[in-house]
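This report covers the contacts between protein and DNA. The sequence and structure are shown first.

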Number of protein chains: 2
Amino acid sequence: MTSTPPRRKRATVHDVAREAGVSRGTISRLLTGEGYVSAEAREAIEAAIRKVGYVPSTTARNLVRQRTNAVGFVVHEPHSLFLEDPNIGEILLGANEALSEDDYQMVCLVIGSDRDSERVARYLRGGFVDGAVVVSARAHDPITAVMRTSQLPVAFVGHPPDLQGQSWVGIDNLASAQEITARLLATGRRRVGMIAAALDRDSGADRLAGFTRALGDRFDPALVAPVDLYSYSEGAAAMSALLERAPDLDGVFAASDALAAGALDALRRAGRRVPEDVGLVGFDDSAWARRCTPQLSTVVQPAAGLGRAAARSVLAQIAGDQTEPAAILLDTPIAWRASA
Amino acid sequence: MTSTPPRRKRATVHDVAREAGVSRGTISRLLTGEGYVSAEAREAIEAAIRKVGYVPSTTARNLVRQRTNAVGFVVHEPHSLFLEDPNIGEILLGANEALSEDDYQMVCLVIGSDRDSERVARYLRGGFVDGAVVVSARAHDPITAVMRTSQLPVAFVGHPPDLQGQSWVGIDNLASAQEITARLLATGRRRVGMIAAALDRDSGADRLAGFTRALGDRFDPALVAPVDLYSYSEGAAAMSALLERAPDLDGVFAASDALAAGALDALRRAGRRVPEDVGLVGFDDSAWARRCTPQLSTVVQPAAGLGRAAARSVLAQIAGDQTEPAAILLDTPIAWRASA
DNA sequence: TTGTATGCGTTATCAA
DNA sequence: TTGATAACGCATACAA
């Protein structure tokens, strides 16, 4: 035995053909399931395949078929958003499920830097995939432009503001924020604040708008604490700041459950009881919501459903069934628990 | 405007050649940076490329070059492990970073079903990637066998028991579990239990072994509560069960921070103070650890480092720099905080 | 039912 | 410095 393994060259149809004593065409027909292959030919081929250890080259097949049966799942990851956002994992699983049903391979591409961004763009346009699901894109992300100019079927989860003529799926952030705020007000709270986040994305801006609308005349801009990310620590910090500015606060709408969880701890540290002194509601119904004590009242975001819907849209576009760009809105029930 | 967009066929080198009035060879040399192309040729080509909207076909390029400059990142996802395990995200990011530095594209493939498993196997063996990082594989996962028979460069994060002749990176679960248990004992605890998880993986089994070894004669099997997943809810349930069996418990080692967080809540509900009545330590130093009150004392798992090391190993194998299978162990310092 | 020939869009080799 | 031409490994239309 030499120390370097022989690293055999991979076997090709050619090798199988020679071994089985048939032509390459016959083999191809067998593998693609086109039919028209005799029982004896089939057996000879199958034996030969095992013997030479043949595995079809997807690359070559893709080239001639002009499609890959793969769909990209592109996730932007500005500052570990990928880790903090509990929705992305669910969206990914939902998309994978839908693609898997049609025997499409999901390839997840994460963009963590400008360099990644360019490489992913090359990958997408280079014919590696037949379409893409893009999640958590922000305004002016280069990938948005790439998807516009390339002819690739695409569906966005959430819609970056500069979207045009492309499909997206999402929820009605404004309406659901308005609804849960109204519900919080209905418990008798008089001084209600909000921890807003990611105002440069539609989700963030719309949730704030919904909050504002629900409050109407009672809206007080001083009771809004804007932060960058939907994270636990930002929630705690914002809550402390809010309490400092308005000690008489008796209700809070946090733009995500992670923020709410942070806020909850900050409230506890400040000696406020929830829900007795302060009513608290969140958004997402992520794992956070049930983990908190008391459990959070929150807007249920159908994350897996979003992934599925986006994937299905891409598949429909690939199949030619969906030629017009579509906007799909999914329902967002409210889970009313103990925090308000 | 018709309702169906014209969906132009993509331009090829051929088109560019005709437009620029040069041969395909010259274009190829320009694009691949081989040199030997005159200034005027370059300009003509660049103009032509813009005009016809040419984008090189990665598929065709891969076929002739016999490599893709892509590396797979395979993650098994039995029952939403992907969502619960905070390490995977970090590992992924670390791997992506290392691959990105060498201008390799990371493609993340998630296996959520048997069907996925087969498709991913095809994808991997079909020449779609030059190598793969495999994370959280269990014993007898089909993918492990696939990686063995295919000649693909691979590095596992953690090592499934039936690994042979393949590289892996990990931590010394046994030693670090032993160390933190000893440290817990050093605080004067006399009745120390453990919440063990995922005993069918090396990580889970080794952590239990380390715990056992640290306790020596004092080890009492009745104080071990085994669960399936490293999850918050399993931790809470296991802690309750443990308290029922052994009310005099004064110390707990949870096999992960998520478990510890669940245990913490269960302890609190049972009226036990941490760390006064019960000392609690975890494992991972994930976001959970700092989020708990009190913050968890825990073993620091270098998740991003694991991803980087695995990716580097694969890159080295692709480059031919690493011909022998290697086992790489990373350090695991202990973060001693307030929970014990 | 099978074999043959051509094409998929590149890169690489060699003359020119 | 450039241009023809042969791979790369497979699918497929067509002839047998």
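In this predicted model, a polar backbone atom of A:Ser23 sits 2.9 Å from a phosphate oxygen of DNA strand C. Side chains take part too: a polar side-chain atom of A:Thr26 is 2.7 Å from a phosphate oxygen of DNA strand C, and one of B:Ser28 is 2.9 Å from such an oxygen. The elements that give two or more residues to the surface near DNA strand C are helix H2 (24-32) and helix H4 (58-65) of chain A, together with helix H2 (24-32) and helix H4 (58-65) of chain B. H4(B) gives the most, with 4 residues.

Around DNA strand C there are 25 residues, of which A:Thr26, A:Ser38, B:Val13, B:Tyr54 and B:Arg61 come nearest. Of the atoms of DNA strand C within 4 Å of the protein, 66% belong to sugar and phosphate.

DNA strand D is surrounded by 24 residues, and A:Val13, A:Tyr54, A:Arg61, B:Thr26 and B:Ser38 are the closest. Sugar and phosphate make up 66% of the atoms of DNA strand D that come within 4 Å of the protein. H2 and H4 of chain A and H2 and H4 of chain B each supply at least two residues of the surface near DNA strand D; the largest share, 4 residues, comes from H4(A).

| Residue | Protein atom | Distance |
|---|---|---|
| A:Ser57 | polar backbone atom | 3.2 Å |
| B:Thr26 | side-chain N or O atom | 2.8 Å |
| B:Ser38 | side-chain N or O atom | 2.5 Å |

By class, the surface near DNA strand C has 12 nonpolar, 10 polar and 3 charged residues. The surface near DNA strand D has 11 nonpolar, 9 polar and 4 charged residues.

Methods:
Residues are numbered from 1 along each chain as its sequence is written. Chains are lettered from A and ligands numbered from 1 in the order in which they are written. This is a predicted model: local features need pLDDT of at least 70, side-chain atom pairs count only at pLDDT 80 or more; totals for chains, interfaces and linings use all residues. Side-chain values use heavy atoms; hydrogens and water are left out. A residue is near a molecule or strand if one of its heavy atoms lies within 4 Å of it. A polar contact is a pair of N or O atoms within 3.5 Å; within protein, one must be able to donate a hydrogen and the other to accept it, and residues adjacent in sequence count only if both atoms are side-chain atoms. Ala, Val, Leu, Ile, Met, Phe, Trp, Tyr, Cys and Pro count as nonpolar, Asp, Glu, Lys and Arg as charged, and the others, Gly among them, as polar.
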